[in-house]
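Here is a short report on one structure. Look at the sequence and the 3D view before you read on.

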Amino acid sequence: MTTEAHELHTDPATVEGSLGGFKLLSPTELYWLWERQQWSVADLDFAEDRAHWEQLDAVSRDELTWNLAQFFVGEERVTTAFSPVVLAAESEEEEAYLATQQVDEARHTKFFSRFWEEVLADDATTLHERMARVRAHCNAPFTHLFDDVLMAAVDRLRVEPADTAAKVRAIVTYHMIVEGTLALTGQYFTTEYLTDKAILPGFLEGFGNVARDEHRHVGYGTWFLQQKCRDPRHADLARDTLLELIPIASSVLVPPRYEGQATYEVLGFSSQDIQQFALTALTRRLKVIGLSIPGLT
Amino acid sequence: VSTATATARWICESCGLIYDPAEGDPDGGIPPGTAFADIPDTWVCPVCGARKRDFVPMEG
């Protein structure tokens, strides 16, 4: 399999980025893709969602609330946290793409906020107040990953935007772990659940748009790391960062009511299925990048 | 399934990855020679995680 621009401008970086048969879209091509994939939170129709939410049993509602709260808080956190990544762009083309990703994160925050207000009937009057309430649903590993690990990574990049090592760590943390492992896994199983139950159609439409944006972001992160990991020093750093963060990410996926337990279940899916999906997605992507991590299967 | 359909390439609308039946996706459990239509619905793009339904036929 290969990747190439489809109805997009071609870019020499696409060819240069090829490795092992995979050609990834360059930032310029990802920018054009972003232009073609615009959507509006305001256009979503949540009319049926409110009634569906009220009809859910308490366990399902709690599990969905916990699951979606992590998305909501994550999106809000990364909207501002992404600024140092934009400032660390190494070309005007990359800068333009990275700016689109920051816009995406703000749009995703608005999406979850509107869902919380209109479907969960949250009466907070400001986003700040709403975020404080939503944060109460997040577990300790989530808070550590987003408030400590991610913030430290992007803060180092803010101080030293030309430091490639700092950028590699930030991109591994953000694009490979937060988006490429946690978000994509959560989106996959949540979408499966809601589609199977045929509920929350307005949310599903918006969530699908969020997922498509995240896929584009992960495409960028994969491109960036494929370029940088040709240098063994950066490959080692990426590998070490992944080995440090995978256990934390694994804990993030555990619902609070299963804290400390070896197995769990979310929305009818087993911990084995969820963890395997996350690990498989990550390892396949690492192969595209050209990174191998012994023992990671 | 016609020959043209069986050999048609599909592109991921999210990241641009192309599925070529001649190559398949052995790491994803899809042997070379597998037409896109015969891939399980649970298969996802190896780069970005998009679903099978997020792929569209390539023109030309």
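## A leucine in a loop

At 9% relative accessibility, A:Leu267 counts as buried. Buried means under 20% relative accessible area, exposed means over 50%, and partly exposed lies in between, using a 1.4 Å probe and protein chains only. A:Leu267 sits in the loop between strand 2 (265–266) and strand 3 (269–270) of chain A. Helices (H or I, at least four residues) and strands (E, at least two) are DSSP runs, numbered from the N terminus.

This is a predicted model: local features need pLDDT of at least 70, side-chain atom pairs count only at pLDDT 80 or more, and totals for chains, interfaces and linings use all residues. Residues are numbered from 1 along each chain as its sequence is written, chains are lettered from A and ligands numbered from 1 in the order in which they are written, and side-chain values use heavy atoms, with hydrogens and water left out.

Most residues other than glycine have a negative phi. Two leucines of chain A have positive values instead.

| Residue | Phi | Relative accessible area |
|---|---|---|
| A:Leu200 | near 50° | 0% |
| A:Leu267 | about 55° | 9% |

A:Leu200 lies in the loop between helix 9 and helix 10 (201–228) of chain A.

## A buried glutamine

A:Gln37 is in the loop between helix 2 (27–36) and helix 3 (47–55) of chain A. A:Gln37 is buried, at 7% relative accessible area. Neighbours within four places in sequence aside, A:Gln37 is in contact with A:Arg212, A:Asp213, A:Arg216, B:Glu13 and B:Ser14. Contact means heavy atoms within 4.5 Å.

## The core

A nonpolar core is a set of buried Ala, Val, Leu, Ile, Met, Phe, Trp, Tyr and Cys residues joined through side-chain atoms within 4.5 Å. The largest one has 107 residues. Among those with the most contacts inside it are A:Phe203 and B:Cys45. Helix 9 (residues 164–197) of chain A gives the most to this core, with 15 residues. What does A:Phe203 touch, not counting residues up to four places away in sequence? A:Phe203 touches A:Phe46, A:Asp49, A:Leu68, A:Phe111, A:Phe112, A:Phe115 and A:Leu194.

## The whole chain

Chain A holds 12 helices and three strands. Its radius of gyration is 19 Å, close to the 19 Å that the globule rule gives for 297 residues, so chain A is as compact as a globular protein of that length. The radius is taken over C-alpha atoms, and the rule is 2.2 Å times the number of residues to the power 0.38. Of the 297 residues of chain A, 58% count as buried.
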